[in-house]
Amino acid sequence: MPTDPFVNDLIAILGKERVLFEPEHLAVYGYDGTAAISGSTPCVVFPETTDEVVQIVKYAASQKRPIVTRGSGTGLSGGSIPVPGSLVVCLSRMNKILELDTQNLTILVEPGVTTVTVADTADSVGLLYPPDPGSMRISTIGGNVAENSGGLRGLKYGITRDYVMGLEVVLANGEVVFLGNKCVKDVAGYSMKDIFIGSEGTLGIITKILLKLVPKPQAKKTLLATYSRMDAAAETVSAIIAEKIIPCTLEFLDKITIRCVEEFAHIGLPLDAEAILLMETDGHPAVTEEEARKMEAVARRCGAVNVQVAQTAEEAVKLATARRAAFSALARVAPTTILEDATVPRSELAKMVNFIQSVGERYGLRIGTFGHMGDGNLHPTFLTDEKNTEEMHRVESAMREIFDYAIELGGTITGEHGVGLAKKSFLPKSVGDASLALMKQLKKTLDPDNILNPGKIFD
Ligand SMILES: Cc1cc2nc3c(=O)[nH]c(=O)nc-3n(C[C@H](O)[C@H](O)[C@H](O)COP(=O)(O)OP(=O)(O)OC[C@H]3O[C@@H](n4cnc5c(N)ncnc54)[C@H](O)[C@@H]3O)c2cc1C
């Protein structure tokens, strides 16, 4: 038995099999998907019901012990990394689909359900859950809501927030609230659920999620355009939207990423290209055919040297692999991969991409950039080695320049990965003093003892 009375009390609540306390079991919970940041915890618990979460929160609060909620730990800003002494509450066992309502087109789920399970369940009845983060096979829906995650379909369908109709939340004092309902319209009072979306586990623990689903599009067309100039790819994005086409996917890879993907996935990508653009349109078959034709024409007009249009579903999957494999392909080539998500208005994309390349050259760093070009959401990815202290200093300076420039262009320091630990030093400049003060006031009101995920987003 453990010697720590805190751990023993948690065992009394949940039973020994749902409490981890041995150092070799705890080590992995000191990390998430974020490079070069780690923490440690004395204990990890696995509740299975809201009532158990309530008991844990009340007990931890009575002991003034901080709590870090964890889904699958794929976060890229250190959100689920425990600050010293924190109890990790891992919700992976709260993984039931509670209701699929095909009349109201909603699904009610527990937070530990993986994103792909939500998508597959919707698909099984001809419906679509659109947010599709690259991590969707592993990430939990609770983590997606807590980070307000986006995905490849964000341009047309929006992000997680656009699909959350209701949330059950356990507050810092152990109270349970359900915010929202199945109504398409509801303006009764403040939209409280929205405060918890993207709150990174700092305001409450989300224990149930009511999501909106939409009819599944009947058809999809996939195209891959190759460019010898970065500007031409960015121009294509603007020109497609100016044609009044909103593709479901407009993803881009730069030359470093193209090379890494080709070495990894052998798709047949042109190694001399400066950029490629993956474009997808979905909807009625006749509309997708027409939009695909128009997108091909626009891409060629803007200077694409080649445009491949997938003729079969298999070909479409192959072309889309170029983008889906980007992060894994980059992660193979260096010991440490730092994936950032600077985001700018679409009109500023070309400037931002060129700036990232010039920063890489100036600091002597390898930075592969890919991302959701239609959303202005870029992923400059530093290929580095956290053991090389001198290089890590250069990475830090380069990163600061990139974020500063994104802000200068009217953008943000994070389009989808959140602030967590990794970006809190950049937050004041990004949102401004007044906005930061309001956030802190809200945190203080909902969590006066600073029990929930302390030290994340801001100190
Ligand atoms: C390969 C890869 C690709 C990725 N692609 C994308 C992408 O395309 N788009 C994107 O947006 N992100 C992406 N991510 C980032 C990450 O997957 C998302 O942020 C995801 O939503 C995290 O889910 P998780 O279950 O792993 O949460 P965790 O990492 O466990 O937690 C993330 C944050 O949410 C909080 N949290 C988790 N569950 C709850 C809950 N139930 N209640 C309250 N707070 C909670 C945690 O405290 C933490 O602050 C990617 C990550 C990887 C590794």
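Let us start with a sheet: five strands form an open sheet in the order 5-6-10-8-9, with antiparallel pairing. Strands here, like helices, are DSSP runs numbered from the N terminus (H or I and at least four residues for helices, E and at least two for strands), and two strands pair if DSSP finds at least two bridges between them. Strand 5 (97-101) and strand 9 (176-180) stand at the edges with a single partner strand each, so one side of each has no neighbour in the sheet. From one strand to the next, the twist averages 10°; angles run from 0 to 180 degrees between N-to-C directions, and axes are lines fitted to C-alpha atoms, for helices over the stretch in contact.

Before going further, please note that this is a predicted model, in which local features need pLDDT of at least 70 and side-chain atom pairs count only at pLDDT 80 or more, while totals for chains, interfaces and linings use all residues. Residues are numbered from 1 along each chain as its sequence is written, and side-chain values use heavy atoms, leaving out hydrogens and water.

Now walk across the sheet. Strand 5 is joined to strand 6 by four antiparallel bridges, and Asp101 has Thr106 in strand 6 as its bridge partner. Strand 6 (residues 106-109) is in turn joined to strand 10 by four bridges, again antiparallel; here Ile107 is partnered with Leu211. On strand 10 there are also six bridges to strand 8 (residues 164-170), running antiparallel, and Gly166 stands opposite Leu210.

Strand 10 (residues 205-212) is mostly covered, with six of its eight residues buried (buried means under 20% relative accessible area, exposed over 50%, partly exposed in between, with a 1.4 Å probe and protein chains only). Leaving aside residues up to four places away in sequence, Leu210 touches several others, including Ile107, Val164, Gly166 and Phe178 (contact means heavy atoms within 4.5 Å). Leu210 and Val109 are 101 residues apart in sequence, yet their C-alpha atoms are 6.5 Å apart in space.

Finally, turn to a pair of helices. The axes of helix 1 (residues 5-14) and helix 3 (residues 50-62) come within 10 Å and cross at roughly 160°. That makes helix 1 roughly antiparallel to helix 3 (angles under 35 degrees count as roughly parallel, over 145 as roughly antiparallel, 65 to 115 as roughly perpendicular and the rest as oblique). Residues of helix 1, among them Phe6 and Leu10, meet residues of helix 3, including Ile56 and Tyr59.
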